[in-house]
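Please look over the sequence and the model first, and then follow the text from the surface to the side-chain contacts.

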Amino acid sequence: MAGRKLVQRLWNHPAGPKTIHFWAPTFKWALSAANISNFSNPPDAVSYPQQTAFAIAGFIGARYCTVITPKNWNLFSNNFALGCTGVYQLARKANHDYFVQRE
């Protein structure tokens with residue numbers, strides 16, 4: 001019975017699966033997934049402007065998700081993951097450009 005109530009609450013939530021507030025962030029996960037799949041690519045292929053844009057947009061978007069109504073935790077986690085993957089890619093690129101190449 002408790003499980004059914006939980007599912008019903010999630011289904012009827014203002015940012016639940018019946019709204020665009022659920023589906024847009026769900027499909028936006030493709031950006032984070034694509035960035036994660038690029039972790040195996042050589043650092044030479046990483047773009048500073050692109051990853052900077054991902055990192056900044058991700059963290060600004062995550063902050064925005066904490067002040068909007070209804071709270072959209074799917075979008076928050078998505079934006080936070082995008083920001084983190086952007087920072088990681090920037091760190092890989094900077095490490096390669098400024099430390100590994102000098103050796």
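In this predicted model, Phe-27 counts as exposed, since its relative accessibility is 62%. Phe-27 lies in helix α2, which covers residues 20–37, and together with Ile-20 and Trp-23 it makes a nonpolar surface patch of about 370 Å².

A charged contact is found in another helix. Asp-97 and Lys-93 form a salt bridge in which the closest N and O atoms are 3.8 Å apart, and by the rule applied here the count comes to 1 salt bridge. The two residues are 4 positions apart in helix α4 (residues 73–100), so about one helical turn separates Asp-97 from Lys-93. Lys-93 is buried, because its relative accessible area of 10% falls under the 20% limit for that class.

The cysteines can be considered next. A disulfide is a covalent bond between the sulfur atoms of two cysteines. The structure holds 0 disulfides, and Cys-65 is in none, the nearest cysteine sulfur being that of Cys-84, 14 Å away.

| Residue | Relative accessibility | Class |
|---|---|---|
| Cys-65 | 1% | buried |
| Cys-84 | 35% | partly exposed |
| Phe-27 | 62% | exposed |

Thus Cys-65 counts as buried, whereas Cys-84 counts as partly exposed.

Methods:
Residues are numbered from 1 along each chain as its sequence is written. This is a predicted model: local features need pLDDT of at least 70, side-chain atom pairs count only at pLDDT 80 or more; totals for chains, interfaces and linings use all residues. Side-chain values use heavy atoms; hydrogens and water are left out. A disulfide is a pair of cysteine sulfur atoms within 2.5 Å. Buried means under 20% relative accessible area, exposed over 50%, partly exposed in between (1.4 Å probe, protein chains only). Patches are made of residues with over 30% relative accessible area and no salt bridge: like charges are joined within 9 Å, nonpolar side chains (Val, Leu, Ile, Met, Phe, Trp, Tyr) within 5 Å. Accessible areas come from the Shrake-Rupley method with a 1.4 Å probe; for residues, only the protein chains shown count as cover. A salt bridge is a side-chain nitrogen of Lys or Arg within 4 Å of a carboxyl oxygen of Asp or Glu.
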